[in-house]
2 protein chains.
Amino acid sequence: MEHSAILVAGGSGQRMQTDVPKQFLELAGMPVLVHTIRAFQQYDSEIELVVVLPNNELERWAGICKQYGLIDRVTAVAGGASRTASVRNGLVACKGMGLIGIHDGVRPFVSATLIGRCFAAAEQHGAAVPVVSIQESIREKLPDGRSRAEDRNRFVAIQTPQCFRAGILREAYEAFEGEATDDATVVEAAGHPISLVEGERNNLKLTTPLDLQLAALLIHSGIG
Amino acid sequence: MEHSAILVAGGSGQRMQTDVPKQFLELAGMPVLVHTIRAFQQYDSEIELVVVLPNNELERWAGICKQYGLIDRVTAVAGGASRTASVRNGLVACKGMGLIGIHDGVRPFVSATLIGRCFAAAEQHGAAVPVVSIQESIREKLPDGRSRAEDRNRFVAIQTPQCFRAGILREAYEAFEGEATDDATVVEAAGHPISLVEGERNNLKLTTPLDLQLAALLIHSGIG
């Protein structure tokens, strides 16, 4: 089946704290989002790529595309007011009828192996997300203000790319109302079970200035 | 009330992957555990400190104590086969009758402010643990092999120091059977509610070689 990927990078941009949004910050001399794009191209050089960006960053992105030879390789669309709205816009721009992966633009360390594992599981089961174990002890907050110990082994932490057969994903987003923090939640709401795939500890989501420093360290040490 | 802290650093040592256990690895020229000790001494220069170490590391620790002027300032005891057993050994060595904090020896970035906040909450409520929000989306694994989206905001991730009135903590450990990944679970099993205190994102637990590199970065950047 053919592959498409929607790289969600920005939404409304409300949470940015730097002049340059984090997806454009440079890691080892290259914008984070370009690292992410190259990871997907390394998996499949012909993959259809759609990036969803804040509307006011499309011009900056055009310059980056020119600089890194990405014109005609990547479609850019403006995001919406929420992650869910941004993914919807990405789906409108995405032509893929095979498998669609939705990935955080600020997870540049995703490996070709992991991308392949997620697409393969999606082809087989319809919907697949990569997960890792939760490393810290957790407690559940109760409505009365108290809390109680919870077994962290009952849960997993979700990464991306979350991969789906295109039809399942599109129908699920059409039917979905409200907001979700990830796509598996949307697809699950449409009644499709989600297949869990082993994620990668290094598939970090870069959300803070500290994360960016860590990312630079990872690249420098050859891990990223 | 007087303060004591039990720094749990090693247990049986089964999970160590380096020749030098991680609590002794150097960060900015000083062993991780010495950083942790200094954080507690910065909070209260008179605090009673008990470190729990693998039995076969007590000799190495004696050398470190000499080097860093910690003899007569820190009591060292051998740990047990599990975290729970190690804390029990620490409690035997701990003379404190006031407030006791139990802290991961490999969380060197704990601030004096956070230590103070936890002890204050323990003095008021009997039992207090620092928590931070969970940053990643989570799913619950179901017994039938399926999974379902779970709201991460229902849960918090647990840090240390977990602080308690000494009597509550000692009685809880006396009554507790089995193993627990943290002390709040033990105290809760004895029927005491746990007060949640705002933790610190930088209060990292150093468990992998990558964590150590990150820690060096944090110290270098002045965050740690």
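This is a predicted model: local features need pLDDT of at least 70, side-chain atom pairs count only at pLDDT 80 or more; totals for chains, interfaces and linings use all residues.
Two strands pair if DSSP finds at least two bridges between them. Strand β10 of chain A, residues 155-158, is joined to β8(B) by three bridges. The two strands run antiparallel. Within this pairing, A:Ala157 has B:Ile138 of β8(B) as its bridge partner.

The interface was then examined as a whole. On chain B, 38 residues are in contact with chain A, and 38 residues of chain A take part in return. The buried area between the chains is about 3300 Å². Carbon and sulfur atoms give 57% of that area. Three residues, B:Ser137, B:Arg139 and B:Lys141, supply 19% of the area that chain B buries against chain A.

Between chain B and chain A, 16 residue pairs are in polar contact, both members being at pLDDT 80 or more. The side of chain B that touches chain A draws two or more residues from each of five elements: β8 (138-141), β9 (147-150), β10 (155-158), α6 (183-189) and α7 (209-220). Of these, α7(B) gives the most, with five residues. By class, this side of chain B has 17 nonpolar, nine polar and twelve charged residues. Six salt bridges are counted between the chains. One salt bridge links the side chains of B:Glu136 and A:Arg107, with an N to O distance of 3.8 Å.

The fold of chain A was considered next. Chain A has seven helices and twelve strands. Its radius of gyration is 17 Å, close to the 17 Å that the globule rule gives for 224 residues, so chain A is as compact as a globular protein of that length. Along the principal axes, the C-alpha atoms of chain A fill a box of roughly 55 × 40 × 30 Å.

Most residues other than glycine have a negative phi, and most peptide bonds are trans. In chain A, the peptide bond from A:Thr160 to A:Pro161 is cis, with omega near 15°. A:Pro161 lies in the loop between β10 and β11 (162-165) of chain A. In chain B, the bond from B:Thr160 to B:Pro161 is likewise cis, with omega near 15°. B:Pro161 sits in the loop between β10 and β11 (162-165) of chain B. A:Asp72 has a positive phi, near 70°, and is not a glycine. A:Asp72 is placed in the loop between α2 (58-67) and β5 (74-78) of chain A.

Conventions: Residues are numbered from 1 along each chain as its sequence is written. Chains are lettered from A and ligands numbered from 1 in the order in which they are written. Side-chain values use heavy atoms; hydrogens and water are left out. Contact means heavy atoms within 4.5 Å. Buried area is the accessible area (1.4 Å probe) that two parts lose on being put together, summed over both. A salt bridge is a side-chain nitrogen of Lys or Arg within 4 Å of a carboxyl oxygen of Asp or Glu. A polar contact is a pair of N or O atoms within 3.5 Å; within protein, one must be able to donate a hydrogen and the other to accept it, and residues adjacent in sequence count only if both atoms are side-chain atoms. Helices (H or I, at least four residues) and strands (E, at least two) are DSSP runs, numbered from the N terminus. Ala, Val, Leu, Ile, Met, Phe, Trp, Tyr, Cys and Pro count as nonpolar, Asp, Glu, Lys and Arg as charged, and the others, Gly among them, as polar. The radius of gyration is taken over C-alpha atoms; the globule rule is 2.2 Å times the number of residues to the power 0.38.
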